[in-house]
Amino acid sequence: MQNAELIKSLTGHSGCGLNLYKKDDKFFLRKDSGDCSYNRRLKKQYIKQNKFLLNGIKTPTIYNHGHENGLFYFDMEFLNGITLAEYMSNIKIKEINSLISLLFKSLPVESSKILPDTDAIFKKKIRQIKTKLRPSDSQALIAVEMLENFDFSKVPFSYCCGDLTLENIMLDDNKQIYLIDFLDSFYNSWMIDVAKLLQDLELHWSYRNQEIDFNLSMRLAVAKEALLENIAEYENAKENICAIYHILLLNILRIIPYAQDDKTHLFLKNALNKIIQTIKQTEKN
Ligand SMILES: Nc1ncnc2c1ncn2[C@@H]1O[C@H](COP(=O)(O)OP(=O)(O)OP(=O)(O)O)[C@@H](O)[C@H]1O
Ligand SMILES: [Mg+2]
């Protein structure tokens with residue numbers, strides 16, 4: 001890249017390169033695939049970020065994209081902000097409801113549509129996941145059975161970010177919400193995004209490698225309740241919440257084959273237990 005000065009390298013978990021550059025007094029962040037096998041995925045991420053369309057929420061503006069040394073890249077606005085994962089530690093309790101409502105109300109719940117093949121798409125995904133699980137993992141197989149028996153046909157189709165974790169939500173100095181790091185999903189639904197949010201608010205996935213103190217866990221619990229209250233304002237709340245927890249169960253099963261350390265294995269075992277119990281309870285009520 002001509003005349004651009006490398007200021008700082010950031011890190012994510014995906015193996016992508018994230019480098020902050022300065023050119024002609026302007027900053028930009030370049031995200032590259034890190035490995036050409038990731039080119040296709042990053043290109044899809046670029047496309048999704050480029051056609052981002054949620055109300056009241058922004059995404060970093062993309063300035064440029066292309067290939068360099070065989071790697072796909074895109075250049076975007078560098079945000080002067082922090083992730084919601086970090087912000088949650090110090091957020092004012094009374095600010096939580098409005099922030100979660102703003103986030104939820106931006107999702108295209110009302111314009112989402114029920115499509116005919118949805119259950120088949122989910123069942124195909126569940127079959128794929130099952131082949132990757134160990135037959136001796138009885139708890140995971142119980143979860144698979146729950147998913148096989150669940151009817152996903154009411155999961156509506158809509159725009160979806162695909163990886164709405166607290167680490168992929170940023171706030172700038174003006175508390176403007178930005179979403180980053182979009183993911184191509186096997187199915188697009190606002191429920192997929194809400195399930196990812198619950199993965200952090202209820203299971204603390206993004207915090208799995210750190211100690212969570214009382215202050216943070218209390219704030220996450222308040223945020224979880226706020227999210228569920230928002231869902232409860234719509235029709236079919238009970239069915240929707242039940243579907244979202246099944247999607248969360250599916251998310252956990254998808255991670256299991258990739259877990260490499262004891263800490264992650266234990267996290268996933270506890271997460272499975274918790275979500276299985278929550279689903280049983282939701283179905284009973
Ligand atoms: N446009 C941006 N401006 C400022 N910081 C950013 C921006 N994009 C990413 N970051 C920071 O870099 C971190 C990693 O970015 P990103 O999520 O895009 O990377 P990734 O490797 O795909 O991540 P992961 O797989 O860990 O989710 C973010 O959590 C955020 O802290
Ligand atoms: Mg990320």
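**Notebook: hairpins, domains, ligand shell and cores**

I began at the hairpin of β7 and β8, where four residues lie between the strands and Lys175 takes a positive phi near 65°. Helices (H or I, at least four residues) and strands (E, at least two) are DSSP runs here, numbered from the N terminus. This is a predicted model: local features need pLDDT of at least 70, side-chain atom pairs count only at pLDDT 80 or more, and totals for chains, interfaces and linings use all residues. Residues are numbered from 1 along each chain as its sequence is written, while chains are lettered from A and ligands numbered from 1 in the order in which they are written.

**Strand pairing**

I checked how β7 and strand β8 (residues 177-179) pair: antiparallel, over three bridges. I count two strands as paired if DSSP finds at least two bridges between them. Ile169 has Leu179 in β8 as its bridge partner. I then looked at the other neighbour of β7 (residues 169-172). Strand β6 (residues 81-83) is joined to β7 by three bridges, again antiparallel. Gly81 is bridged to Asp172 in β7.

Next I went to the hairpin of β1 and β2. Six residues separate these strands, and Gly15 in the turn has a positive phi of about 90°. Strand β1 (residues 5-10) and strand β2 (residues 17-23) run antiparallel, with five bridges. Glu5 stands opposite Lys22 in β2. A residue is buried if 20 or more other C-beta atoms lie within 10 Å of its own, exposed if 12 or fewer, and partly exposed in between, with C-beta atoms placed from the backbone.

**Domains**

I looked up the division of the chain: domain 1 (5-78) and domain 2 (82-284). The bounds come from an automatic or database domain assignment. The C-alpha centres of the two domains lie 25 Å apart. Across the boundary, 13 residues of domain 1 are in contact (C-beta atoms, placed from the backbone, within 7 Å) with 12 residues of domain 2. The side of domain 1 that touches domain 2 has four nonpolar, five polar and four charged residues. For these classes, Ala, Val, Leu, Ile, Met, Phe, Trp, Tyr, Cys and Pro count as nonpolar, Asp, Glu, Lys and Arg as charged, and the others, Gly among them, as polar.

**Ligand 1**

Which residues come nearest to ligand 1? I found Gly12, His13, Ser14, Leu79 and Asp181, out of 18 around it. A residue counts as near if its C-beta atom, placed from the backbone, lies within 6 Å. The shell has nine nonpolar, five polar and four charged residues. Domain 1 and domain 2 each supply at least three residues to it.

**Cores**

I turned to the largest nonpolar core, which has 57 residues. Such a core is a set of buried Ala, Val, Leu, Ile, Met, Phe, Trp, Tyr and Cys residues joined through C-beta atoms within 7 Å. Met191, Ile244, Leu248, Leu249 and Ile252 touch the most other members. Helix α8 (residues 237-255) gives the most to this core, with 10 residues. Apart from it lies another core of eight residues, including Leu29, Phe72, Tyr73 and Met76. I noted the contacts of Met191: Val155, Ala243, Ile244 and Ile247, not counting residues up to four places away in sequence.

**Asp200**

I placed Asp200 in helix α6 (residues 190-201). Asp200 is buried because 24 other C-beta atoms lie within 10 Å. Asp200 touches Thr165, Leu166, Trp205 and Ser206, again not counting residues up to four places away in sequence.

Definitions and conventions:
Two residues are in contact if their C-beta atoms, placed from the backbone, lie within 7 Å.
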